Amino acid sequence: MPFEAADTHLSLVADIGGSNTRVAIAHGPKVEKTSIRRYRNADYQGLPDVLVRYLEDTGTAPAQITGACVAAAGPVHDGIATLTNLDWRIDRDVVGRALSAERVAVLNDLQAQGHAIGQIADADLIEVVKHQGAGPRAAALVVGIGTGFNACPVFETEHGRFVPPSEAGHVSLPFCDAALGPVMESMVDSSGFASVEEVLSGRGIAHLHAALHGETMTTPDVMARLSNGDAKAEATARLFVRVMGTVVGDLALSHLPFGGIYLVGGVTRAFLPYLDRFDFAGAMQDKGRFSEFMAQFSVRVVVDDYAALTGCASHLARL
C-alpha cells in the first residue's frame, strides 16, 4: 500500500551510501516500510535535492517533519559529514533548516547500523558463527562491507547506548596469507597506501582479482564467474574471505564484542554463501594462543538492507 503522509510530528531518516540514498518516514523508533524510497546519487547535486524530491514523491509537507537523522558513508565531525566515496557534504544545520526540523542528527552509516542492533528481526539475522550468551552490558561490533569498509563498536552504558564513530577501512591492510604477499604492492590506492578498503569493498574484489590473475574485470563479472565455479574467481573469493576473517578478528580483539559481531552491507550479503565454504570462522579465530578465546565471539550477517534507517529512527527517538 502506498505511503500517505497524513500525520504531523513525523521524522525523516536517510541513509546515504556511495551509490544510492535511501529515505523514509518514521514514527518514533519505527520506520514506515511503505515510505522507503531509493535514489541514485549520480542523479542529484546533493542531499537537499534528494530530500526535496522525496517530499514531492510522498506528498509530505516540510512542516510535518519535526525530526531528521541522516546516516552518511564517511567521517562525521561536529554535525558535518564528508562522504568518502561521494562528493557530498552533509551539514546538520542545513538539513534542519531545509526541513524545519527541531531535532536533527548526522551519523556515520556504521553508527546508524549500531543503533539498529536489537531492533532487527530474527529472520533478518543469519548466524555464521554460533551465538554465545552475553550479559545486557556486553559490547557488540558492527562491520560493514559495501562500496567501502568500516566498523564500529556498540556499548550499552548506564546512560544509554553509545556508538562511537570510526574510519576502520583506512587502516593498513594486514599481511595475512601467503597468497596476498606477492600482490601487496598492487593493492595500493592513488596515494600509494594499501588500506583494508583496497580489498574489502565492492571495488576491492575486482582490484584483488586483477592483482592475483592479471585479468581486468568488474566486480559483478568476478561474482558471476564465482557462481559458475570458475577456478580463478574462487581463488579471489577465498583470499577475500581470508582477509575479511583476519580483519574482523583483529577488530574483535580490539573491542571484545561478547554481545556479538554483526556483518552488514551489500558485499557482505553477496559473500554470505561463501563464508562457510572458504572458512571465514577459521580465519577470524586464527590468532595463535588466543584462537580458543576467539570462539567466544558470535557472528551474524544482517540481511535487512534498511537497517541503517531503523538505526537512525531509534537514535532520533532517544534525543
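Student: Where does Gly17 lie?

Tutor: Gly17 lies in the loop between strand E1 (10-16) and E2. Strands here are DSSP runs of E with at least two residues, helices are runs of H or I with at least four, and both are numbered from the N terminus. The model is predicted, with local features needing pLDDT of at least 70 and side-chain atom pairs pLDDT 80 or more, while totals for chains, interfaces and linings use all residues. Residues are numbered from 1 along each chain as its sequence is written, and side-chain values use heavy atoms, with hydrogens and water left out.

Student: What does Gly17 touch, not counting residues up to four places away in sequence?

Tutor: Gly17 touches Asn41, Ala73, Leu83 and Leu86, where contact means heavy atoms within 4.5 Å. Leu86 is 69 residues from Gly17 along the chain, and their C-alpha atoms are separated by 8.2 Å.

Student: Which residues lie nearest the centre of the largest pocket?

Tutor: Gly17 again, together with Asp109, Gly146, Thr147 and Gly265, out of 34 lining residues. Strand E2 (20-27), helix H3 (109-116), strand E11 (140-145), strand E12 (149-157) and H7 each give two or more residues to that lining.

Student: What makes this space a pocket rather than a cavity?

Tutor: On a 1 Å grid over the protein atoms alone, a cavity is a set of points where a 1.4 Å probe fits but cannot get out, whereas a pocket is an open set with protein on both sides within 12 Å along at least five of seven lines; lining residues have an atom within 4 Å of a point. The volume of the largest pocket is about 660 Å³, counted as the space filled by probe spheres set on points joined across faces, edges and corners.

Student: How do the residues of its lining divide by class?

Tutor: The lining of the largest pocket has seven nonpolar, 18 polar and nine charged residues. Ala, Val, Leu, Ile, Met, Phe, Trp, Tyr, Cys and Pro count as nonpolar, Asp, Glu, Lys and Arg as charged, and the others, Gly among them, as polar.

Student: What is the volume of the second largest pocket?

Tutor: The second largest pocket has about 230 Å³. It is lined by 16 residues, with Ile117, Gly118, Arg161, Gly259 and Tyr262 closest to its centre. This lining has nine nonpolar, three polar and four charged residues.

Student: Why is H3 called roughly perpendicular to H10?

Tutor: H3 and helix H10 (residues 307-318) pack at about 75°, with their axes 7 Å apart. Axes are lines fitted to C-alpha atoms, for helices over the stretch in contact, and angles run from 0 to 180 degrees between N-to-C directions. Under 35 degrees is roughly parallel, over 145 roughly antiparallel, 65 to 115 roughly perpendicular and the rest oblique. H3 is therefore roughly perpendicular to H10. Residues in the contact include Ala112 and His115 of H3, and Cys312 and Arg318 of H10. By class, this contact has five nonpolar, six polar and one charged residues.

Student: What makes the relation of H6 to H7 roughly perpendicular?

Tutor: Helix H6 (residues 231-255) and helix H7 (residues 266-275) pack at about 105°, with their axes 11 Å apart. That puts H6 roughly perpendicular to H7. Ala237, Phe240, Val241 and Met244 of H6 meet Val267, Thr268, Phe271, Tyr274 and Leu275 of H7. The contact has eight nonpolar, one polar and no charged residues.

Student: At what angle do H5 and H6 pack?

Tutor: Helix H5 (residues 219-227) packs against H6 at about 110°, with the axes 8 Å apart. These two helices are therefore roughly perpendicular to each other. The contact is made by Val222, Arg225 and Leu226 of H5 and Ala233, Glu234, Thr236 and Ala237 of H6.

Student: Why are E10 and E13 placed at the edges of their sheet?

Tutor: Six strands form an open sheet in the order E10-E15-E14-E11-E12-E13, with mixed pairing. Two strands pair if DSSP finds at least two bridges between them. Strand E10 (125-129) and strand E13 (160-162) each have a single partner strand, so one side of each is left without a neighbour in the sheet. The twist averages 25° from one strand to the next.

Student: How do you know that E11 and E12 pair?

Tutor: Six bridges join E11 to E12, and the two run antiparallel. Leu141 stands opposite Pro153 in E12. H6 packs on this sheet, touching E11, E12 and strand E14 (261-264), and the direction of H6 makes about 150° with that of E11.
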